[in-house]
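Please study the sequence and the structure before reading each solution.

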Amino acid sequence: MEPSASRSEDIRGCARKVRKSGSRADNTGVRFSLSLFGRWLPVVALTAVGAAAAASYAYTAVDRYQATAQLIVSPVSASDPTYLGLGLLLDTGGKRTAVASAAVMLRSPQVADAVRTQLGLTQSRDSLLAALHAHAAGSSDIVDVTVQDNSPVRAAQLANAFANALVSQRTASFQSQLTTVIRRADEELLALPPNQRAIGAGADILRRLVVLRTLQGQPDPTIRPADQAEAPTAAIWPQRPLLVAIGAGAGVAVGLLVFALLALAWRPLRGEAPPKDARTPAVAVMPPPDLRRREQGLEERDTAVAVREPQADTKA
């Protein structure tokens, strides 16, 4: 065999090997890629849908603002007879019952009606109370008066109005009861003989009257404003990045569930080969360009030789 013919056979054999080996390898890669893409597609799609839905809600929801005013509670001892009958806030047993009582009073209908009158609101009493959150600040003697509203300025106005309304109502009640207690104490003192008014029980009444008269015209000594609320600069709701993250997380969770179900559905039965029509068709792989050009050149040369040989035989 001539050397040129041997090289031609080597080139053709190499090209055939490339086609044969490449077809099987690439067929496996394509089948794996299609399977992987098909299974993970629901996860990606549902994640995008969840994030988009959460973002749509987050960026269309009405902003909510929160403002907080504070009241400080200074309860008197329940065992002190000086303040008996005045309706002041008492603390018993170290349980901070006075702070809890003040928080409950803030939610009374009377306070809500006073806030409506003070600010000239048409908003219902129930809706006002629904926007209010009054609670003790930790273990302190301070009550946080927190209000949420769509307007930052109005949230601060409402919080201050609730705090001031409670102090005003407590003060009016305190002064009314103080007048009654002073009058009764005077009557008790006058009922005693003149020579007993400065000693014993009479002296106790005199000391109590001195303290009570200093409280006339004063606010309730057991509750007073601490800090006024200021208009917040940022909304507390919606928390847009958090909502988008939650929506994306929900989408991932649902997508993974779908992925698991599809994985179970696509798993072939034990001992049963997959149907032929389910197999991915083979993909033809072409040899490298330089090898193809050399193979085509050889084919053209063989064709020319085949044409020239009959012509030479005829001339001979």
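Predicted model: local features only at pLDDT ≥ 70, side-chain atom pairs only at ≥ 80, totals over all residues.

**Exercise 1.** Determine which residues of helix α3 are buried and which are exposed, and describe how the buried ones are arranged around the helix axis.

*Solution.* 
Step 1. Helix α3 spans residues 109-119, and its buried residues are Val-111, Ala-112 and Val-115.
Step 2. Viewed down the axis of α3, these buried residues fall within an arc of 100°, so they line one face of the helix.
Step 3. Gln-110 and Thr-117, on the other side of α3, are exposed.
Step 4. The cover over the buried residues of α3 includes α2 (97-106), α4 (125-130) and α5 (152-191).
Step 5. Just after α3, Gly-120 adopts a positive phi of about 65°.

**Exercise 2.** Describe the largest nonpolar core: which residues touch the most other members, and which element gives the most to this core?

*Solution.* 
Step 1. The largest nonpolar core has 34 residues, of which Leu-71, Leu-106, Val-143, Val-145 and Phe-162 touch the most other members.
Step 2. At least two residues of this core come from each of β1 (65-73), α2, α3, α4, β4 (132-136), β5 (142-149) and α5.
Step 3. The element that gives the most is α5, with ten residues.
Step 4. Another core, of 13 residues, lies apart from this one and includes Leu-86, Leu-88, Ile-182 and Leu-212.
Step 5. To see one member in detail, take Leu-106: when its neighbours within four places in sequence are left aside, its contacts include Leu-71, Val-111, Leu-129, Val-143 and Phe-162.

**Exercise 3.** State how many salt bridges the structure holds, and classify the partners in two of them as buried, partly exposed or exposed.

*Solution.* 
Step 1. The structure holds five salt bridges.
Step 2. One of them joins Arg-125 to Asp-113, with the closest N and O atoms 2.9 Å apart. This pair links distant parts of the chain, since Arg-125 is in helix α4 and Asp-113 in helix α3, twelve residues apart.
Step 3. Buried means under 20% relative accessible area and exposed means over 50%, with partly exposed in between. Arg-125, at 33%, is therefore partly exposed, and Asp-113, at 27%, is likewise partly exposed.
Step 4. A salt bridge also connects the side chains of Asp-149 and Arg-154, at 3.0 Å from N to O. Asp-149 has a relative accessible area of 9% and is therefore buried, whereas Arg-154, at 26%, is partly exposed.

Methods
Residues numbered from 1 in each chain as written. Heavy atoms only, no water. Buried < 20%, exposed > 50% of the residue type's maximum accessible area, 1.4 Å probe, protein only. Helix = DSSP H or I, 4+ residues; strand = E, 2+ residues; numbered from the N terminus. Arc of directions from axis to C-beta. Contact = heavy atoms within 4.5 Å. Core = buried A, V, L, I, M, F, W, Y, C linked by side-chain atoms within 4.5 Å. Salt bridge = Lys/Arg side-chain N within 4 Å of Asp/Glu carboxyl O.
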